[in-house]
Amino acid sequence: MLVAAAVCPCPPLLVPEVAAGASAELEPLRAACDEALGVVLAAGPDLLVVVGTGPEAEVWTEGGAGSFHRYGVPLVAALPGGRAEGPELSPALTVGAWLLGRAGATLPTHACAVPADAPADRMLGLGQGLAGLADRVGLLVMGDGSACRSLKAPGYLDERAEGYDEELARALGTADTAALAALDPDLAAELKAEGRAPWQVLAGAAEGAGLTARLGYQDAPYGVGYLVASWS
């Protein structure tokens, strides 16, 4: 069953080497991610599963790695507790692997990539399946909020974006699985909210688990909603 989860955004800028001169601006976000992941590790899971978007559905059960070479940084992040060979992790999962390495995690870890447009019912079912993989399962859920919070945002300004992220923050900060399950895939696509599918995996995994939540970070420094929460 699911015993704890951390929800973190997945911008490559989380990695100081990628952010370069802008690194200090995101230090509060890194600290919040570290704290949320610490809650998961402290819960003592037998298995950790990293969930994030990818171009297609894919799983890694024997380890895996991804690189930041596309950003001009010779850095590789690998999942703990397994081999680094095989298909490369998606960018979102690579950031998750980097966070795990930063935390010194050593427990067995799987990774699961889900398409950004995956149907909600499939994500809920996937979450239920992941929660049953071990007696004590922890999740690291990677995903950004809307990317339409400002004129310079990747998706330009959409007046619906701020309200979307506010409701999302409420749901993540109160472990409202029903609200996450009800997120509209079409609206998420319009607002370029990449985390919609991974959050619905969390909703499926946490159904009936009786977890409580804490929102650790909420901001949109580059016109993209970044939210951090811990469930335990």
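## Close-up views of a predicted model

**View 1. D158 and its contacts.** Leaving out residues within four places in sequence, D158 is in contact (heavy atoms within 4.5 Å) with C148 and L191. This is a predicted model, in which local features need pLDDT of at least 70 and side-chain atom pairs count only at pLDDT 80 or more, while totals for chains, interfaces and linings use all residues. Residues are numbered from 1 along each chain as its sequence is written, and side-chain values use heavy atoms, with hydrogens and water left out. You will find D158 in the loop between β7 (137-142) and α5 (161-174); helices (H or I, at least four residues) and strands (E, at least two) are DSSP runs, numbered from the N terminus. At 18% relative accessibility, D158 counts as buried. Here buried means under 20% relative accessible area, exposed over 50%, and partly exposed in between (1.4 Å probe, protein chains only).

**View 2. Y71 in its loop.** Let us turn to another loop. Y71 sits between β4 (65-67) and β5 (76-78) and is partly exposed, with a relative accessible area of 34%. Not counting residues up to four places away in sequence, Y71 touches P12, V18 and P91. For a sense of distance, the C-alpha atoms of Y71 and L89 are separated by 15 Å, and these residues are 18 apart along the chain.

**View 3. Helix α2 and its buried side.** Helix α2 (residues 27-42) has 16 residues and spans 22 Å from its first C-alpha to its last, close to the expected 22 Å. That expected span is 1.5 Å times one less than the number of residues. Which residues of α2 are buried? They are L29, R30, A32, C33, A36, L37 and V40. These residues lie on the same side of α2 because they cover an arc of only 160° around the axis, the arc being that of the directions from the helix axis to the C-beta atoms. Just after α2, look for G44, which takes a positive phi of about 70°.

**View 4. Cysteines without a disulfide.** How many disulfides does the model have? The count is zero, a disulfide being a pair of cysteine sulfur atoms within 2.5 Å. For C10, the closest cysteine sulfur is in C8, 9.7 Å away and so too far for a bond. The sulfur of C112 is 14 Å from its closest cysteine sulfur, in C10, which is also too far for a bond. C10 is buried at 6% relative accessibility, and C112 is buried with a relative accessible area of 4%.
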